[in-house]
Amino acid sequence: MDELIYTLKQQIIEALNLEDMKPEDIDENATLFGEGLGLDSIDALELIVMMEKNYGIKLQDPTQGKEIFKSVAVMADFIAKNRTK
Amino acid sequence: MMKHSVIITPEHVLVDGNPLMHNEKGSASLTELYRNHIGDYPKFFKMDTLSKLGFIASELLLNAEGNRSFEPREDRAVILFNRHASLQADTAYQATIQDPDNFFPSPAAFVYTLPNIVTGEIAIRNKYFGETSFMVIDDFDEKIIIKNLENAFQDPITKSIIGGWVDCSDEEHFEAKMFLMEKEI
């Protein structure tokens with residue numbers, strides 16, 4: 001799981017153009033939106049695309065994102081259980 | 001009355017006619033300018049090249065004006081012109097949908113596929129609630145641009161304008177000629 005979390009942090013930094021940020025700078029338990037990384041609604045859509053592209057996970061209900069994108073750790077857990085590639 | 005001007009090309013930057021030194025070329029020079037002269041707006045890194053260009057030009061212009069204030073105001077308009085609309089962003093977005101076997105439309109690329117987004121970026125950054133518009137014309141034509149900006153002053157609310165030319169065909173070819181004008185009373 002640690003390896004997936006680290007890879008996920010790298011993919012988030014790349015997908016969302018979080019310049020100047022390294023995987024070590026992201027607390028996997030911190031909230032991604034609002035106070036945490038301060039991501040916005042476009043970032044949420046980009047994360048949905050990233051999950052489909054890298055892990056073959058297609059969210060049928062976009063409102064699921066609210067729960068799945070709570071933190072990197074929650075996201076990694078969801079990916080581990082649902083990935084198709 | 002023109003108060004300040006900024007010219008940016010991949011090779012050089014002039015603020016009120018004075019060169020601003022930088023080492024990088026092409027779009028990397030915009031990032032260098034951001035790091036050296038701005039640096040407090042991470043959303044910059046998410047922008048397409050046209051918005052980066054317009055954002056940097058406006059920041060240098062407003063730094064030249066001095067007394068930066070981020071208080072909401074309605075009396076400053078943002079009126080820009082170019083030739084290539086949002087071509088660079090359009091191309092970047094197209095690349096995400098070109099291959100049917102690798103079809104992942106990027107929302108972050110898509111949101112920049114309109115040239116007037118750059119006027120919005122400048123207005124959001126500075127809390128401008130006045131007129132914003134972006135016009136696509138054949139080529140840089142100072143007469144057309146000045147005429148349109150003067151017309152904008154017919155509006156009783158507009159007292160100053162960030163205006164001019166912000167054009168980008170790809171990451172290595174761009175040009176901004178932006179100025180700050182104030183209404184003559």
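Author: **A helix pair in chain B**

Helix α2 (residues 49-65) and helix α5 (residues 117-126) of chain B cross at roughly 40°, and their axes come within 9 Å of each other. Axes here are lines fitted to C-alpha atoms, for helices over the stretch in contact, with angles running from 0 to 180 degrees between N-to-C directions. Helices (H or I, at least four residues) and strands (E, at least two) are DSSP runs, numbered from the N terminus.

A word on the ground rules: this is a predicted model, in which local features need pLDDT of at least 70 and side-chain atom pairs count only at pLDDT 80 or more, while totals for chains, interfaces and linings use all residues. Residues are numbered from 1 along each chain as its sequence is written, chains are lettered from A and ligands numbered from 1 in the order in which they are written, and side-chain values use heavy atoms, leaving out hydrogens and water.

Back to our pair: α2(B) and α5(B) are therefore oblique to each other (under 35 degrees counts as roughly parallel, over 145 as roughly antiparallel, 65 to 115 as roughly perpendicular, and the rest as oblique). On the α2(B) side, the contact (heavy atoms within 4.5 Å) includes B:L50, B:F55 and B:L62, and on the α5(B) side it includes B:I117, B:I122 and B:R125. By class, this contact has 6 nonpolar, 4 polar and 3 charged residues. Ala, Val, Leu, Ile, Met, Phe, Trp, Tyr, Cys and Pro count as nonpolar, Asp, Glu, Lys and Arg as charged, and the others, Gly among them, as polar.

Now follow chain B to its partner. There, 10 residues of chain B are in contact with 12 residues of chain A, and the two chains bury about 1,000 Å² between them, 61% of it on carbon and sulfur atoms. That area is the accessible area (1.4 Å probe) lost on putting two parts together, summed over both.

Across this interface there are 3 salt bridges, each a side-chain nitrogen of Lys or Arg within 4 Å of a carboxyl oxygen of Asp or Glu. B:R35 pairs with A:E19 at 3.6 Å between the closest N and O atoms, and also with A:D20 at 3.0 Å. A:D20 lies in the loop between α1 (2-15) and α2 (41-55) of chain A and B:R35 in helix α1 (residues 27-37) of chain B, so the pair joins two chains.
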